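Q: Could you walk me through this model, one feature at a time?

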Amino acid sequence: MNENKIVKFRCSRCGETVEGTMHPFIDAGCQANLKQEIINGTLFAFVCPHCGYRTNLGYDLVYLDRKKKLLISLSHESHADKMPSFSDLSIEESERDQYTVRIVHTPSDLREKILIRDAGLSDQAVELMKVLITSEIQSQENVLVDDLVYAKKDGKDAFQMIKDGRFAGFVQWPEGMYDEILQKLMVNMTGDAILNESVVSRDWAMTVLYQKALLQNSNYA
């Protein structure tokens, strides 16, 4: 895979030519420091050494965690479906079916997918939870929420509420909801092509809920 790249560009504030480092491929097993930078939100951060201007370097990357069998492609183009082959990554053929393969389009989504996997959870079930909980919040509490993001609060699973791009508080993890959704996901949709889709997002969850009627008999529907 590609090694780290040094790129030169002009600072948009002072106009000086500066250098930045891009990481097109991250192997979590031997680059734990870069994984941590994804999680704490500093991987793409850049500070101009001349004027102190802060910005983010937007670039695509591939994230691989061999231990957790997770492969994620971050592509900033919403229509892109770039993904390296398993052979390019030297992944044995006998292991390929064990991998979860995802395509995301923002660093925030990349971070969330990693945290969900680290917690031993299914991102498909979590995305379904987010849609259902958002709908419940808006209908019962009359609170407008743009999105929910998986997080930990006091060491427990939770969701962060996002409004206008900013943190707006936490939502507790509803007891029993994840297990019920996961059971219905596995029992009602085993073998369905949608379970093998690489882009698992809010739109994916909406398709499952409204076209597949996955949870029509659920207490949470």
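A: The model is predicted: local features need pLDDT of at least 70, side-chain atom pairs count only at pLDDT 80 or more, and totals for chains, interfaces and linings use all residues. Residues are numbered from 1 along each chain as its sequence is written, and side-chain values use heavy atoms, with hydrogens and water left out.

Q: Which residues is Thr 100 in contact with, leaving aside neighbours within four places in sequence?
A: Contact means heavy atoms within 4.5 Å. Thr 100 touches Lys 69, Leu 70, Leu 71 and Arg 117.

Q: Is Thr 100 buried or exposed?
A: Buried means under 20% relative accessible area, exposed over 50%, partly exposed in between (1.4 Å probe, protein chains only). Thr 100 counts as buried because its relative accessibility is 17%.

Q: Which strand holds Thr 100?
A: Strands (E, at least two residues) and helices (H or I, at least four) are DSSP runs, numbered from the N terminus. Thr 100 lies in β8, residues 100–104.

Q: In what order do the four strands of the open sheet lie?
A: Strands of a sheet pair through backbone hydrogen bonds, either parallel or antiparallel. Two strands pair if DSSP finds at least two bridges between them. Here the order is β3-β6-β7-β8, with mixed pairing. β3 (25–27) and β8 are the edges; each has a single partner strand, so one side of each lacks a neighbour in the sheet.

Q: How many bridges join β3 to β6?
A: Three, and the two strands run parallel. Phe 25 stands opposite Val 62 in β6.

Q: Which α2 residues meet α3?
A: Glu 112, Lys 113 and Ile 116 do; their α3 counterparts are Asp 123, Val 126, Glu 127 and Lys 130.
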